[in-house]
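Please look over the sequence and the three-dimensional structure shown here before reading the report that follows.

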Amino acid sequence: MNTMNPSIAAKAGAGEQEPAIAVPESRPEDTVIEEGKTVGKPFAGDADSPKFKLRNVSVSYGNDRAIKDISLDIRRNEVISFIGPSGCGKTTFLRCLNRMNDSIEICRVTGKLMLDGEDIYQSKKDVVELRARVGMVFQKPNPFPKSIYDNVAYGPKIHGLANRKSELDEIVENSLRKAGLWDEVKDRLDAVATGMSGGQQQRLCIARAIAVSPEVILMDEPCSALDPIATAKVEELISEMSESYTIVIVTHSMQQAARVSHRTAYFHMGHLVEVNETNKVFTAPEHELTESYITGRFG
Amino acid sequence: MTDQTQQAERVRRSLKRRYRKESRFRAYGMLAIAIALGALAVLFADIIGKGYAGFLKTTITLEVDLDPEVMYLDDPTDPKQVRMADFVAPLVAAADDALPGATEEDQDALRRLINPYASTELRAALEQNPEWMGTTRTMTFLAHSNVDVYVKHEDDAAYSIKLSEQQQAWVDDLVERGLVDTSFNDVFFTNGDSRDPAKAGVLGAIVGSLLTMIITLLLSFPIGVAAAIYLEEFAPRNKITDFIEVNINNLAAVPSIIFGLLGLAVFINLFGMPRSVPFVGGLVLTLMTLPTIIISSRAAIQSVPPSIREAAEGVGASKMQVVLHHVLPLALPGMMTGSIIGMAQALGETAPLLLIGMVAFIVDPPTGFFDASTVLPVQVFLWAGSPELAFIERASAAIMVLLAFLMSMNALAIWLRKRLERRW
């Protein structure tokens with residue numbers, strides 16, 4: 001672990017897979033964003049009291065600085081996507097938001113990270129409580145090798161959210177309904193979760209995350225291991241969930257960023273190059289690095 | 001020729017070479033397996049060939065005349081006198097009656113056809129059934145161990161040297177008349193050790209092994225698993241934990257007799273624990289097994305996919321919940337397999353137990369953890385060193401019992417692993 005490459009550490013062993021069939025690699029000639037067409041979604045929420053207020057955040061793995069002095073506000077109930085070439089630090093940055101980097105010993109985070117005005121990296125902050133408020137969905141579907149029911153019920157159980165079995169049943173049903181999985185699995189809640197298809201597993205992981213009623217959901221390339229149909233379902237889900245949650249999504253697919261997010265942040269070599277309304281980022285990028293990336297000149 | 005066909009030709013040639021290499025490699029593997037299986041087959045054939053007779057006992061059926069006069073009894077109704085009576089005389093007389101050719105001078109040779117403990121059995125039978133006094137009864141006694149091996153190995157001259165030619169003729173005669181019987185040796189499984197091979201059994205050693213293993217399992221599994229979990233999940237990576245890790249790995253390679261010396265010096269001399277008891281044996285074997293269990297448990301923990309850990313952390317599980325709810329259940333099959341392999345090693349261990357006195361000659365099976373006893377491998381060691389052929393035979397039989405023990409433990413390990421294994 002001593003000489004871990006930051007990009008490897010951040011990816012935690014998962015392969016770089018794009019949903020190649022559905023979303024072709026963007027090249028100049030087939031750029032997603034056609035002239036004059038509006039992408040992204042208008043944000044109706046309050047932009048003045050941010051959910052996350054991040055100031056001068058730097059992350060280093062040993063002597064490697066993976067994130068360099070990033071400041072960013074994440075608004076309440078918005079969907080913000082992080083895009084950028086591999087190794088640019090977007091996943092590392094995402095994992096700072098619920099302190100998932102804590103388990104990497106050589107990882108050091110500096111700067112101010114405020115969730116609702118409270119510093120999440122202060123020493124007395126309880127990381128368990130933080131993660132109950134900031135849920136996470138990972139790149140590779142990672143259901144527990146238990147039943148579907150137990151997967152969803154696990155979070156509420158350990159946080160003591162249900163006093164009775166009936167309450168727990170209700171939470172499980174609601175979460176699975178929100179994740180659009182209820183109709184598919186209601187007859188086999190006792191089945192082992194790892195026996196489901198990849199797309200179902202990922203939606204189960206989303207159901208598991210929302211079962212503890214978090215305020216923020218972090219998604220680390222949630223569709224990179226899924227086929228186009230499953231991807232479409234998850235994206236639909238993200239759009240629905242944006243009404244009640246703040247969602248931060250890391251994606252390699254610009255089309256996905258364009259489809260689901262209100263705002264888009266472009267990362268490059270550990271710097272936050274540009275963050276703006278998704279529409280603006282894709283139609284009129286301010287920075288030439290952003291433009292090069294979204295037009296497919298690199299990345 | 002074009003470049004492409006040249007290339008294809010080259011590939012074809014290299015392919016041939018590769019296939020040759022592959023089949024050679026496969027042949028080496030098969031040879032290795034064949035050697036291993038061959039060695040195993042020779043071992044088993046030898047042990048079973050030598051030891052199967054240990055599972056058989058020889059008995060002699062005699063018409064015993066319980067005449068008070070023969071037993072030198074003045075008053076056959078006095079229990080005190082009956083206890084002191086001569087019970088060898090009626091046995092010898094019965095053998096004499098059964099063998100018409102025997103004379104007065106042959107008394108000693110006749111006596112040595114029957115097991116030395118037969119008189120004790122006869123007395124016990126008579127004390128239980130006083131009404132037998134003065135009657136003639138048909139009774140079955142264990143044969144003398146020399147007769148035992150002679151009957152079981154008729155074809156092998158090596159087994160007859162302890163019997164005189166006359167004795168051999170008598171035994172042959174008795175066999176012919178159907179008075180000598182060979183049957184399953186229940187005595188071997190119901191008795192402890194004995195000076196007389198015909199009366200010697202493995203019960204004491206089995207119980208001793210069982211008690212020792214219980215102590216070893218109860219101590220080494222929890223301690224080993226706890227140590228592995230701490231080292232893998234909670235301990236900071238620094239010089240001290242590195243030092244501990246190196247030492248655990250070294251301990252796994254320490255000769256077991258060193259652990260015996262340690263047990264002798266610390267548990268017995270320093271703490272004043274009793275000698276020869278399963279409790280101390282269990283402690284010593286725990287020390288010996290711990291490194292194995294810790295190492296295999298750590299490997300099992302490491303093999304739990306990090307994604308499961310992240311998933312649990314992601315929904316807000318605390319460190320301990322991650323370990324108890326997710327890591328431990330997934331690592332448990334591996335931990336158990338490692339532990340049972342460690343236990344199997346401990347079960348076959350002799351050297352450290354010799355040093356803490358579990359090598360003593362103990363007749364009665366132990367009744368508790370602080371009762372002097374021996375264990376199966378030590379029992380094998382004791383019998384194998386005996387000059388008597390009948391004991392050598394029993395050593396082989398005891399080895400088979402030990403192997404059966406080990407195989408059932410391994411079967412248990414496989415069963416547990418299959419039952420607990422989960423996909424992820």
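How many residues of chain B are in contact with residues of chain A? The model in which this can be asked is a predicted one, and in it 18 residues of chain B are in contact with 22 residues of chain A.

## Where the two chains meet

On the side of chain B that touches chain A, two helices, α13 (306-314) and α14 (319-347), each supply at least two residues. The largest share of that side comes from α13(B), which gives 7 residues. Sorted by class, the residues of chain B on this side divide into 7 nonpolar, 6 polar and 5 charged.

## Chain A as a whole

Chain A has 299 residues, of which 47% are buried, and its secondary structure comes to 11 helices and 10 strands. If one takes the contacts in chain A between residues at least 6 apart in sequence, 72% of them join residues that are at least 24 apart.

An unreviewed UniProt entry lists residues 52-294 of chain A under "domain: ABC transporter".

## A helix of chain A and its surroundings

Helix α4 of chain A covers residues 148-159, and its buried residues are A:Ile148, A:Asn151, A:Val152, A:Ala153, A:Tyr154, A:Gly155 and A:Pro156. Among the elements that cover these buried residues are three other helices of chain A, namely α5 (165-178), α6 (182-185) and α7 (198-210). The helix α4(A) is followed by A:Gly160, which has a positive phi, near 65°.

## Chain B and its spread

The secondary structure of chain B comes to 17 helices and 3 strands. For its 424 residues the globule rule gives a radius of gyration of 22 Å, but the value for chain B is 31 Å, well over that figure, so chain B is more spread out than a compact globule. Taken along the principal axes, the C-alpha atoms of chain B fill a box of roughly 105 × 70 × 35 Å.

Buried residues make up 37% of the 424 residues in chain B. Among the contacts in chain B with a separation of 6 or more, 76% are accounted for by residues 24 or more positions apart.

## The two domains of chain B

Chain B is divided into domain 1, residues 56-184, and domain 2, residues 203-420. The C-alpha centres of these two domains of chain B lie 47 Å apart, and the contact between them takes 4 residues from domain 1 and 4 residues from domain 2. On the side of domain 1 of chain B that touches domain 2, there are 2 nonpolar, 1 polar and 1 charged residues.

## The largest nonpolar core

Which residues touch the most other members of the largest nonpolar core? In this core of 176 residues, they are A:Val248 and B:Ala398. Both domain 1 (56-184) and domain 2 (203-420) of chain B give residues to the core, so the core lies between them.

The surroundings of A:Val248 can be followed in the structure: leaving aside residues up to four places away in sequence, A:Val248 touches A:Ile74, A:Ile80, A:Leu94, A:Leu97, A:Val216, A:Leu218 and A:Met219.

Notes. Residues are numbered from 1 along each chain as its sequence is written. Chains are lettered from A and ligands numbered from 1 in the order in which they are written. This is a predicted model: local features need pLDDT of at least 70, side-chain atom pairs count only at pLDDT 80 or more; totals for chains, interfaces and linings use all residues. Domain bounds come from an automatic or database domain assignment. Two residues are in contact if their C-beta atoms, placed from the backbone, lie within 7 Å. Ala, Val, Leu, Ile, Met, Phe, Trp, Tyr, Cys and Pro count as nonpolar, Asp, Glu, Lys and Arg as charged, and the others, Gly among them, as polar. A nonpolar core is a set of buried Ala, Val, Leu, Ile, Met, Phe, Trp, Tyr and Cys residues joined through C-beta atoms within 7 Å. A residue is buried if 20 or more other C-beta atoms lie within 10 Å of its own, exposed if 12 or fewer, and partly exposed in between; C-beta atoms are placed from the backbone. UniProt positions are given in the numbering used here, feature names are shortened, and annotations may be inferred rather than shown by experiment. Helices (H or I, at least four residues) and strands (E, at least two) are DSSP runs, numbered from the N terminus. The radius of gyration is taken over C-alpha atoms; the globule rule is 2.2 Å times the number of residues to the power 0.38.
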